[in-house]
Amino acid sequence: MRVDIHLADLKGISAMDAIYSEFFGPGCYPARTCTESPSICGGSRLEITLMAKCVRDS
């Protein structure tokens, strides 16, 4: 799993981290990249892209 996070202002990273941690168990955070993107489409303050591979039992 990989997560790309774009914040309109990186000063909001602490608030984003607090919410992000609610969705994953301790020590199970997926790799991620966080960047500042002041011109996110539609005037949003946050954009998240998540890519995951589904592994099925044979």
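Tutor: A residue is called buried when its relative accessible area is under 20%, exposed when it is over 50%, and partly exposed in between, using a 1.4 Å probe and protein chains only. This is a predicted model, in which local features need pLDDT of at least 70, side-chain atom pairs count only at pLDDT 80 or more, and totals for chains, interfaces and linings use all residues. Residues are numbered from 1 along each chain as its sequence is written, and side-chain values use heavy atoms, with hydrogens and water left out.

Student: How is that scale applied, and is Leu46 buried, partly exposed or exposed?

Tutor: Leu46 has a relative accessible area of 38%, so the residue is partly exposed.

Student: In which strand is Leu46 placed, and how are strands defined?

Tutor: Strands are DSSP runs of type E with at least two residues, helices are runs of H or I with at least four, and both are numbered from the N terminus. Leu46 belongs to strand S3, residues 46-51.

Student: Which residues is Leu46 in contact with, leaving aside its neighbours within four places in sequence?

Tutor: Contact means heavy atoms within 4.5 Å. On that basis, and with those neighbours left aside, Leu46 is in contact with Ile5, His6, Leu7, Met16 and Ile40. Ile5 and Leu46 are 41 residues apart in sequence, yet 7.3 Å separates their C-alpha atoms in space.

Student: In what order do the strands form the sheet?

Tutor: Two strands pair if DSSP finds at least two bridges between them. Here three strands form an open sheet in the order S2-S1-S3, with mixed pairing. The edge strands, each pairing on one side only, are S2 (31-36) and S3. Strands S1 and S3 run antiparallel and are joined by six bridges. As one example, Ile5 has Ile48 in S3 as its bridge partner.

Student: Where is Asp4 found, and is Asp4 buried or exposed?

Tutor: Asp4 is found in strand S1, residues 2-7. With 14% relative accessibility, Asp4 counts as buried. Beyond four places in sequence, the contacts of Asp4 are Thr33, Glu47, Ile48, Thr49 and Met51.

Student: What joins the side chains of Asp4 and Arg2?

Tutor: A polar contact is a pair of N or O atoms within 3.5 Å; within protein, one must be able to donate a hydrogen and the other to accept it, and residues adjacent in sequence count only if both atoms are side-chain atoms. The side chains of Asp4 and Arg2 are joined by such a contact of 3.0 Å.

Student: How many aromatic pairs are there, and how is a pair read?

Tutor: A pair of aromatic rings is described by the distance of the centres and the angle of the planes. Rings of Phe, Tyr and Trp (its six-membered ring) pair if their centres lie within 6.5 Å; planes under 30 degrees apart are stacked, over 60 edge-to-face, and the rest tilted. The count by this rule is two aromatic pairs. For Tyr20 and Phe24, the ring centres are 5.1 Å apart and the planes stand at 45 degrees, so this pair is tilted. Tyr20, Phe24 and Tyr29 form one aromatic cluster.

Student: Which of these residues, Tyr20 or Phe24, is buried, and which is partly exposed?

Tutor: Tyr20 is buried, at 9% relative accessible area, whereas Phe24 is partly exposed, at 23%. Phe24 is found in the loop between helix H1 (13-21) and S2.

Student: Which charged end sits over the ring of Tyr20?

Tutor: A charge sits over a ring if NZ of Lys or CZ of Arg is within 6 Å of the ring centre and within 35 degrees of the ring normal. The charged end of Arg32 sits over the Tyr20 ring, 4.6 Å from its centre.
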